[in-house]
Amino acid sequence: SRSSAPVRMPSLSEAERRVLEALAVLGRPAPLDLLETLVPRSPRGRDTFDALEALVRRGVLAEDVDAFCFRSGSVHASFLGAMAADARKALHRRVALVLAEREPAAIREIAHHWLESDQPARALPVAIEAARELARGHEDRTALRFYAAVLEHLPAGDTRGLPIAEEAANACLRTGEFHRGA
């Protein structure tokens, strides 16, 4: 059986730790330019690149067709789990902001990061859009996750509540999940 203790990384530099945390929160392989945008830079300016090179050399990360990723899912999970909740949520907010500017069509990913951030209410417009896009594509189970999050974060009395609840109910019907209350 595997231990749930964090993976120990000897002598990580601050830049390496920041790169690993950004990649862990992002949750997918990332190109250098995205990581350079997500990771705060020191006056030296090459921190992210140098950290990535060192982490690839040490076997922690892999570089695959212009993107960097964790070699091990357990190391990824360990870094995500070891982050303080407020730091993880702030980084999710940063990822959402950066993706909204760089990849505005990635609405599901943007909505996910807003929902995991310290400002989940900012997810509402993009999460509604993501839920509707998924429902149109007959991906109702995934759409239900977004509908539920929207309904959870809508302020009381918001006029969007009833139409969103009706859309969620229709998605429930299409999936056969009658017991589920969105």
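**View A. C69 counts as partly exposed, at 22% relative accessibility.** Here, buried means under 20% relative accessible area, exposed means over 50%, and partly exposed is whatever falls in between (1.4 Å probe, protein chains only). The other cysteine in this view, C172, is buried, with a relative accessible area of 6%. A search of the whole structure turns up zero disulfides, where a disulfide is taken as a pair of cysteine sulfur atoms within 2.5 Å. As a reminder, a disulfide is a covalent bond between the sulfur atoms of two cysteines. A word on where this comes from: the model is predicted, so local features need pLDDT of at least 70 and side-chain atom pairs count only at pLDDT 80 or more, while totals for chains, interfaces and linings use all residues. Residues are numbered from 1 along each chain as its sequence is written, and side-chain values use heavy atoms, with hydrogens and water left out.

**View B. The whole protein has nine helices and two strands.** Helices (H or I, at least four residues) and strands (E, at least two) are DSSP runs, numbered from the N terminus. Reading along the sequence gives α-α-α-β-β-α-α-α-α-α-α. Of its 182 residues, 40% count as buried. The protein exposes about 10000 Å², and carbon and sulfur atoms supply 52% of that; the areas come from the Shrake-Rupley method with a 1.4 Å probe, and for residues only the protein chains shown count as cover. Take the contacts (heavy atoms within 4.5 Å) between residues at least 6 apart in sequence: 56% of them join residues at least 24 apart.

**View C. P104 sits in the loop between α5 (85-102) and α6 (107-115).** P104 counts as exposed, at 54% relative accessibility. Leave aside the neighbours within four places in sequence, and P104 is in contact with L99 and I110. Look for V126 too: it is 22 residues from P104 in sequence, and the two C-alpha atoms are 9.8 Å apart in space.

**View D. The axes of α5 and α6 come within 7 Å and cross at roughly 155°.** Two packed helices are described by the angle between their axes and the distance between the axes. Axes are lines fitted to C-alpha atoms, for helices over the stretch in contact, and angles run from 0 to 180 degrees between N-to-C directions. Angles under 35 degrees count as roughly parallel, over 145 as roughly antiparallel, 65 to 115 as roughly perpendicular, and the rest as oblique. α5 and α6 are therefore roughly antiparallel to each other. On the α5 side, the contact is made by H92, R93, V95, A96, L97, L99 and A100, and on the α6 side by E109, I110, H112, H113 and W114.

**View E. The axes of α6 and α8 (140-153) come within 12 Å and cross at roughly 40°.** That angle makes α6 oblique to α8. Within α6, the buried residues are I107, E109, I110, A111, H113 and W114. They pack against α1 (14-26), α5, α7 and α8.

**View F. R136 lies in helix α7 (residues 124-136).** At 61% relative accessibility, R136 counts as exposed. R136 and A171 are 35 residues apart in sequence, and 9.9 Å apart in space, C-alpha to C-alpha. H138 lies in the loop between α7 and α8. H138 has a positive phi of about 65°, although it isn't a glycine. H138 is exposed as well, at 67% relative accessibility.

**View G. T175 lies in helix α9 (residues 161-175).** T175 is buried, at 13% relative accessibility. Not counting residues up to four places away in sequence, T175 touches D140, R141 and L144.

**View H. V65 is found in the loop between β1 (61-64) and β2 (67-70).** If you're checking backbone torsions, phi of V65 is near 45°, a positive value in a residue other than glycine. V65 is exposed, with a relative accessible area of 72%.
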